[in-house]
Amino acid sequence: FSPTVWAGLMMNRYMHETGATEEDFAKFAVIQRDYASRNPDALLRDPLTAEEYLAKPYINKPLRILDCDYPCDSGSAVIFTTEERARDLKQPVVLVETASHATIHNMNFETLPDMVRTSPVQAAENLWSHTSIKPSDVDTAQLYDGFSFITMNWLEALGLCEPLGAPEFIRNGGTTLNGKVPTNTDGGAINVGRRHGANFCIESVRQLRGQSTSQVKDAEVAVWANAVGPFAGAMLLTKG
């Protein structure tokens, strides 16, 4: 049972429940590529149109090749230290507000009881239960896009848009740089390359330090998340 087989089934189910169209996924891909075009670390930076997305082949209908993260070799490092030591270092301080992990026990991708609402829902509930910060306070989000619809799952699970409302949220520009929640502002793993979540943390830090290539004005709160299905995790970061 390959990941792309599961992804095609899950994407089809998601479209059925939300009314999402292939044009909505094209919109998502175009927004992501626009971010990537400004990021020298992204592997895919050429401008992309909706027509070009829709002309790409299916991997497992309705999943297209540009709905999948880009395979690559990479190395990344995230350094944690105490707040006291961090304030003695050269880079602006970024603080970990809280973090959450969720696992659906004794489950795998093939036997998930719900193909749309999976571990991100539990991870998000745990995350918000440990902070006074609310979803409406989030300035930017960096959300797993191993497959494009997973980012939509996270937008909904984290309460950054209405339940099952991510397609409309994206359609209306909610994830663009001037939108309500600029999302995957480095271009996401679909364009930066599959770095197993590291790029989402790194881009969140860059945003809060004012160092992103697609900088969100006055960004003070960022959330990043990784994985889907039987396991997932999320972290809330704030400007120090």
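**Pocket**

I started with the lining of the largest pocket, and α9 gives the most to it, with 5 residues. Helices here are DSSP runs of H or I with at least four residues, strands are runs of E with at least two, and both are numbered from the N terminus. I kept in mind that this is a predicted model, where local features need pLDDT of at least 70, side-chain atom pairs count only at pLDDT 80 or more, and totals for chains, interfaces and linings use all residues. I also noted that residues are numbered from 1 along each chain as its sequence is written, and that side-chain values use heavy atoms, with hydrogens and water left out.

How much space lies in the largest pocket? I read off about 660 Å³. The lining has 25 residues, and the closest to the pocket's centre are I79, F80, V94, V205 and R209. Two or more lining residues come from each of α4 (83-86), β3 (94-103), α9 and β6. I sorted the lining by class and got 16 nonpolar, 4 polar and 5 charged residues. For that sorting, Ala, Val, Leu, Ile, Met, Phe, Trp, Tyr, Cys and Pro are nonpolar, Asp, Glu, Lys and Arg are charged, and the others, Gly among them, are polar.

My rule for such spaces uses a 1 Å grid over the protein atoms alone: a cavity is a set of points where a 1.4 Å probe fits but cannot get out, a pocket is an open set with protein on both sides within 12 Å along at least five of seven lines, and lining residues have an atom within 4 Å of a point. Points are joined across faces, edges and corners, and a volume is the space filled by probe spheres set on them.

**Cavity**

The largest cavity has a volume of about 40 Å³. Its lining is N39, D41, D186, V192, R195, N199, I202, E203 and R206. Which helix gives the most to this lining? That is α9 again, with 4 residues. By class I get 2 nonpolar, 2 polar and 5 charged residues.

I moved on to α1, which covers residues 3-18. Its 16 residues reach 22 Å from first C-alpha to last, close to the 22 Å expected at 1.5 Å a residue; the expected span is 1.5 Å times one less than the number of residues. Buried in α1 are W6, A7, G8, M10, M11, Y14, M15 and T18, where buried means under 20% relative accessible area, exposed over 50% and partly exposed in between, with a 1.4 Å probe and protein chains only. These buried residues pack against α2 (22-36), β1 (58-60), β2 (63-64), α6 (148-157) and α7 (166-171). After α1 comes G19, with a positive phi near 80°.

Next I checked α2, whose 15 residues reach 21 Å, close to the 21 Å expected. Since 11 of the 15 are buried, α2 is largely enclosed by the rest of the structure. F25 is one of those buried residues. I listed its contacts (heavy atoms within 4.5 Å): beyond four places in sequence, F25 meets M11, Y14, M15, A20, Y53, D67, S148, F149 and M152. F25 also turns up in the largest nonpolar core, which has 61 residues; F25, F149, W154, L158 and L160 touch the most other members. Such a core is a set of buried Ala, Val, Leu, Ile, Met, Phe, Trp, Tyr and Cys residues joined through side-chain atoms within 4.5 Å.

**Loops**

I looked up L43 in the loop between α2 and α3 (50-55). Is L43 buried or partly exposed? At 44% relative accessibility, L43 is partly exposed. L43 touches Y70, C72, N191, V192 and G193, leaving out residues up to four places away in sequence.

Between β1 and β2 I found P62, joined to K61 by a cis peptide bond with omega about 10°.

N184 sits in the loop between α7 and α8. N184 is not a glycine, yet its phi is positive, about 55°, and its 0% relative accessibility makes it buried.

I placed G197 in the loop between α8 (188-192) and α9 (198-209). G197 is buried at 5% relative accessible area and, beyond four places in sequence, is in contact with W224 and N226.

A227 has a positive phi near 80° without being a glycine, and is buried at 12%.
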